Amino acid sequence: MTRTPAPAPRLAGATPLLQICFVVDDLDSAMADFGACFGAGPWFLGPEPTAEPNGTVHRGVPTPLGARIALSYTGGLMIELVEPLPGSATVFSERLAESGPGLHHFGFGSTDLDATLRDLADRGRVPVFSSFTPRGARIVMVEDVIGHGGLEEYIELTPEGEAFYATMRAAANRDGAEPIRHRAGTGPTRSP
């Protein structure tokens, strides 16, 4: 018998699905594989990770992000690839150690992250990870409660973030000549 979960009421401020993230053990190979298999690209790389927490909190403890990150679009869906660094202790390294490369989280936008967080708290769901994008938008992740196999991420939608996503979408469906289009600056390490 097929299990059909009851739909959960939408969270305040949350948008429909906008991203799927995969944890990988080799970012360069994964970018090539996802490009060949799914037509994703070009890839936009996040800042190189630093040893400073820079606002990243994992299970209540400030910690460095400890991961290399790449973003791309395939059609209207954003794909995020995350390669945890050896020795890092985050939701990314946990998932890679537990189950190897594969699905990590489903990303949703939030037009009012404070309202989304209050709604999550009212439902007894607490963030297991929080950080910032390179553009300063807040992100939070909560555990899966439905059984779909990935964490849930809520990304604060800001004008800067929306402009960056539009740039990425406009670059999608590339000719393959420039598979890595952008490398972010060397500022604070934050998730794209």
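1. The side chains of T56 and S131 are joined by a polar contact of 2.7 Å. (A polar contact is a pair of N or O atoms within 3.5 Å; within protein, one must be able to donate a hydrogen and the other to accept it, and residues adjacent in sequence count only if both atoms are side-chain atoms.) T56 sits in the loop between β2 (43-45) and β3 (57-58), and T56 is buried, with a relative accessible area of 0%. Setting aside residues up to four places away in sequence, T56 touches V61, P62, T63, P64, L65, F129, S130 and S131; contact here means heavy atoms within 4.5 Å.

2. A word on the basis of all this: the model is predicted, so local features need pLDDT of at least 70 and side-chain atom pairs count only at pLDDT 80 or more, while totals for chains, interfaces and linings use all residues. Residues are numbered from 1 along each chain as its sequence is written, and side-chain values use heavy atoms, with hydrogens and water left out.

3. Now the overall picture. The chain has four helices and 11 strands; helices (H or I, at least four residues) and strands (E, at least two) are DSSP runs, numbered from the N terminus. Of the 192 residues, 46% are buried (buried means under 20% relative accessible area, exposed over 50%, partly exposed in between, with a 1.4 Å probe and protein chains only). Among contacts between residues at least 6 apart in sequence, 71% join residues at least 24 apart.

4. I would look at the core next. The largest nonpolar core has 23 residues, and those with the most contacts inside it are M78, V91, F92, F129, M141, Y165 and M168. (A nonpolar core is a set of buried Ala, Val, Leu, Ile, Met, Phe, Trp, Tyr and Cys residues joined through side-chain atoms within 4.5 Å.) Two or more residues come from each of β1 (14-23), β5 (67-74), β6 (77-84), α2 (91-99), β9 (138-142), β10 (151-156) and α4 (159-171). Another core, of 11 residues, lies apart from it and includes V24, L27, I79 and L81.

5. Leaving aside neighbours within four places in sequence, M78 is in contact with L18, Q19, I20, L71, S72, Y73, Y165 and M168.

6. Helix α1 (residues 27-38) passes a simple length check: its 12 residues should span 16 Å at 1.5 Å a residue, and its end C-alpha atoms are 16 Å apart, which agrees. The expected span is 1.5 Å times one less than the number of residues. In α1, L27, A30, M31, F34 and G35 are buried. They cover an arc of only 130° around the axis, so they lie on the same side of α1; the arc is that of the directions from the helix axis to the C-beta atoms. A36 and C37 are exposed on the other side of α1.

7. D26 caps the N-terminal end, with a side-chain oxygen 3.1 Å from the backbone nitrogen of D28. Just after α1, G39 takes a positive phi of about 70°.

8. Some backbone geometry to inspect: G41 and P42 are joined by a cis peptide bond, with omega about 0°, and P42 lies in the loop between α1 and β2. N54, in the loop between β2 and β3, has a positive phi near 45° without being a glycine, and N54 is partly exposed at a relative accessible area of 25%. R59, also not a glycine, has a positive phi of about 50°; R59 is found in the loop between β3 and β4 (61-62) and is partly exposed, at 42%.
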